Amino acid sequence: MTTVAAKPENKARKKVRVRNVLIAIVILLVVLIDLYPLFFMYSASFKTNNEFVTNPAYAFNQSLHWQNYVDSWTRGNMGVFFTNSLLNTSVSLVFITLFSLTISFALIKMEWKGRKFFSQYFAFGIMVPVATTLIPLFVIYNNSGLYNTRLGLILVYIASAISFSVYLLSGYMRALPDEILEASVIDGCNIYTMMWHIVAPLMKNALITVVVIQFFFKWNDLLYSMTLISSSSLKTMQTGLLYFSDEFGSKNWGAIFASVSISVTPMLLMYLLLNKMVIEGMTAGAIKG
Amino acid sequence: MSRVLRDRRAILLFIVPGFILYTVLVILPVLWSAYYTFFGGMIGSSKWSFIGLDNYARLFQDKKFAAALMVNVRYIAMTTFGQVIFGLLLALMFKFWVKRFGSSVRTIVFFPVVLPVVAVGQLFTKIYEIQPYYGLLNSLLQGVGLGNLVYPWIGKADTALIALAAMDIWTAMGFYSIILYGALLDIPGDILEAAEIDGCNAWQLFRRILLPLLRPILLTCFVFSFTGTVKMFESALALTRGGPGTATTSLSMYMYNTAFSFQKTGYASVIALFIFLLCVFGARLIRAFDRKD
Amino acid sequence: MFRKGFALLLALCLVLSATYALAEQPTKKITILSIWAEDNDNGILLTKLTDQFIAEVNPNFSYEYELVSADNLRQKVATMAASNDLPDVFVYESGTPLIPFIEDGYVLDITQALTDLGVLDKLDAGAVAILSNLTSTEHIYDLPLGLNVEGFWYNKALFAQAGIEAAPTTYAEMQTACEKLMAAGIQPFSVGGADKWPATRLINAYVMRKLGVDALAKCAAGEMSYVNDGIIEGAQLLQDMCNLGYFGEGPTTVDYNTAANMLMSGQSAMLYNGSWFTQSLASADNPAGDDGIGFFNIPVVEGGVGTLTEYSMNCGNILCLSAAKYDDATAAWLKYMVSNIGNYAIQNSGTLKGYTITEYPETLSNYTIMVADEFSKVTAASTWFEATMDSEMTATAQQNVQSLMNGDMTAQEYAQALQDVYDAAN
């Protein structure tokens, strides 16, 4: 009796096991696809220029060519570029979250006449691509002295992010129960304390989502910084990385990958430290469409 | 309650700073751009002059513009669908397959998002490499006996755009997977259990239960991805510089060159305006799906 | 003791001259916009000589060195000019791109300024001829930062291996050489197709041999169509060479630097390049050593008008001064630079920059001697393919050359596309 019953069960178990192995292989592949380029980048950053020509790109290093890092840091100004990128991005992120939080709150929860018009007014900007505003921006900046300044770049980073972030936050804001606001008023909150102590903490996950999305856009910006910045001391990493080509477009691959590594490593460390918050914030928040 | 929420001064304080920035640096330039379209030459130069609708007339005869538009549309289609669909697949994998090391796997899948796009471009140049040595992709193909598929992926017009889209999908799919995974977690477990008891297979479960529930968020993901892909500039510049020929030259790149290197501000503004219309059209199209039910 | 005293005296002199200078020399800060990093190529030249100028002549002088990528140079300078804010000194491209600036009076008349300063003779006459020819002006408005001949460089060991005894002097011989190399399993050429200009140079080489050194200038002047035998045959030849595998797989993906390294490391037998290449060749990193690479001028085309003493030449990227910001302090700097660039460059990098040289170093690398030898043969010069084209046409020529190499475009279409842009603009 037991043998008869056990057979199909064994089969099923075997099936499950095969399935599990297959699943594990798929997961492993996904992880590899995401990790390999990183490994490649670090290995390439220690190769001499000659190695790129005499050996396949995926080959292991023949040398530990530290000089690439020296070149990248001193000649490539990577330290400066990285600081610029980090500064521009983080300062604009602070204001983006601040403005989009207050604006979406005013538009959704507060009671005033023009709010319907202003909702549409702010929504309009979602459809304005970077390229459309570029030429007039250049002229405006040139005439107002904002051209080639850090402030100028940060201002446009903030302005271009407002629409989208307000749109995102509005969804969450609608889902925020009015009763909570009412209760806080009864507890004696004024509008500012309510904003700071009640609304902002409740919107934490939504704000994390905004920050992550906007980080993605600002960190990768090339169009604005290419157009509005000319000094090497103000350039961002993206423009900096395009640098390692001289008069005839020659590329120093080793130094390029050293610079790439320099730019990636701190981000990676920061991300590993913060990833719990980022991923949890984004998943727990789940964007309200 | 409403006394607090009607606080005029607070409303002003909340709205005005953002409003000013947004108006001056986003709305005003759009209008300004529209104004420039009636001028010829380079702004600031002696040739800058009113030419009426000539720039618009030129647009319809410009083969390079048409080519750039086609590139943009194909890129948007491939990349947007690729990013969201692969994101969805990854999210489903997280939810139903990944049992152990879940958070580590999610962390790793998300990480390309933090890489600078230009850096990714340099990286993929080497992955697609064919001369002097095969890069990773070509050596892999050769290694598994598919040597006849070895190809200069970013060097030929028929594959360069696909290679570019593949790179951008790789970069961003982790981002969408996390958003969609969050949405999957929000789906109550008993709905899934009930479906299983009813004898739904995996496909039915996905088609009948998950997809309808995920629809609003999928649409949001499409909007995100669309706004990212419509500008198509950074990654194309880093990987292929618009080449070979004009195979990966997008509208934004064409506009940028027209404005800053060919020095035709007015004509570039027409292209800029067109990109804006493309954006409006795309957003409408995505919203149309939203209203279907 | 004597030494110590001498040092003391020297220090005293320095202090004295410094205080003297402080009292007399004008304070000035200039901006130099460049495409070379401070420790690379002409970047070294510009910064080191300016530092010397500050130390020796005017301690109140200072400078900011700004870098822009070569791809971005035209755009950057054009926008700065539009806002009337050109840097005091900037690197730019010679020829056509410069003409509007000359017409609008944005850039300094160098011939005039150097005449006023009495140092016009410090410029190499050949370089001056090239520059004035490029802008079709009597005076020059830019300073050369190089004086280069272009042609084919070949790996001697690979030629020997394939049994090629002499460098080709006709296109037919070059074809035979390619076949021999292919038979020996050697890639005949490498080309930086990803950077585009190395590929258009190959068309240019054919055109100047077929139709003469002034063919493209004639096209630009409207005296000849771009749809001519020279361009069509040259483009066809390039396409055929791609199809035959002479450039290896996927030549449109190879960057210039990789192509050059391939020649030096023996992975390709030939490369078209300019004499600025000697700097890499003479470096200790060159795997081919100090005698492994040879040079031959563009071979002649049967039935063509070009000869072996005509070269493709250029002055590299050039240096301009803003007319609006030019003053006595900058003039002193200009005088110092012009007087010292020639000697500095030959002594420190073994390169020619287009200035008269009075002090040669004791030892010159083989490659420098080789190039100097070529210079002595020049009877007439052509410029590069895009020299007479505006930026829109340059973009067309360069984008399409990739399509041509890939077979997405015929040679006829390539020439026609150039003519179309020309017609639209004129």
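What is the mean pLDDT of chain B, and what share of its residues reach 70 or more? The mean is 88, and 98% of the residues of chain B reach 70 or more. The structure is a predicted model, and the values in this report are computed from it.

**Chain B**

Helix α1 (residues 2-5) of chain B has the lowest confidence in the chain, at a mean of 76, while helix α4 (residues 63-97) of chain B has the highest, at 93. In total, chain B has 13 helices and two strands. Of the contacts in chain B with a separation of 6 or more, 69% are between residues 24 or more positions apart.

**Chain C**

Chain C holds 17 helices and nine strands. Its radius of gyration is 23 Å, which agrees with the value near 22 Å that a compact globule of 426 residues would have. Among contacts in chain C between residues at least 6 apart in sequence, those that join residues at least 24 apart make up 77%.

|---|---|---|---|
| Chain B | 293 residues | about 75 × 75 × 35 Å | 52% |
| Chain C | 426 residues | about 70 × 55 × 35 Å | 51% |

**Domains of chain C**

The domain assignment divides chain C into domain 1 (2-142 + 316-353) and domain 2 (150-313 + 376-425). Taken over C-alpha atoms, the centres of domain 1 of chain C and domain 2 of chain C are 32 Å apart. Contact between them involves 10 residues of domain 1 of chain C and 12 residues of domain 2 of chain C. On the side of domain 1 of chain C that touches domain 2 of chain C there are three nonpolar, six polar and one charged residues.

**Contacts between chains**

With chain A, 81 residues of chain B are in contact with 78 residues of chain A. Helix α2 (residues 8-36) of chain B gives the most to the side of chain B that touches chain A, namely 15 residues. By class, this side of chain B has 60 nonpolar, 13 polar and eight charged residues.

With chain C, 23 residues of chain B are in contact with 26 residues of chain C. On the side of chain C that touches chain B, at least two residues each come from α3 (73-82), α12 (256-264) and α16 (391-406) of chain C. The most come from α16(C), which gives eight residues. The classes on this side of chain C are six nonpolar, 15 polar and five charged residues.

**A residue in a loop of chain C**

E38(C) lies in the loop between β1 (28-34) and α2 (41-56) of chain C. Why does E38(C) count as partly exposed? E38(C) has 15 other C-beta atoms within 10 Å, and a residue is partly exposed when this count falls between the limit for exposed, 12 or fewer, and the limit for buried, 20 or more.

Leaving aside neighbours within four places in sequence, E38(C) is in contact with G43(C), T47(C) and Y65(C). Y65(C) is 27 residues from E38(C) in sequence, and the two are 7.9 Å apart in space, C-alpha to C-alpha.

Notes:
Residues are numbered from 1 along each chain as its sequence is written. Chains are lettered from A and ligands numbered from 1 in the order in which they are written. This is a predicted model: local features need pLDDT of at least 70, side-chain atom pairs count only at pLDDT 80 or more; totals for chains, interfaces and linings use all residues. Domain bounds come from an automatic or database domain assignment. Two residues are in contact if their C-beta atoms, placed from the backbone, lie within 7 Å. Ala, Val, Leu, Ile, Met, Phe, Trp, Tyr, Cys and Pro count as nonpolar, Asp, Glu, Lys and Arg as charged, and the others, Gly among them, as polar. Helices (H or I, at least four residues) and strands (E, at least two) are DSSP runs, numbered from the N terminus. pLDDT is the predictor's confidence in each residue, from 0 to 100. The radius of gyration is taken over C-alpha atoms; the globule rule is 2.2 Å times the number of residues to the power 0.38.
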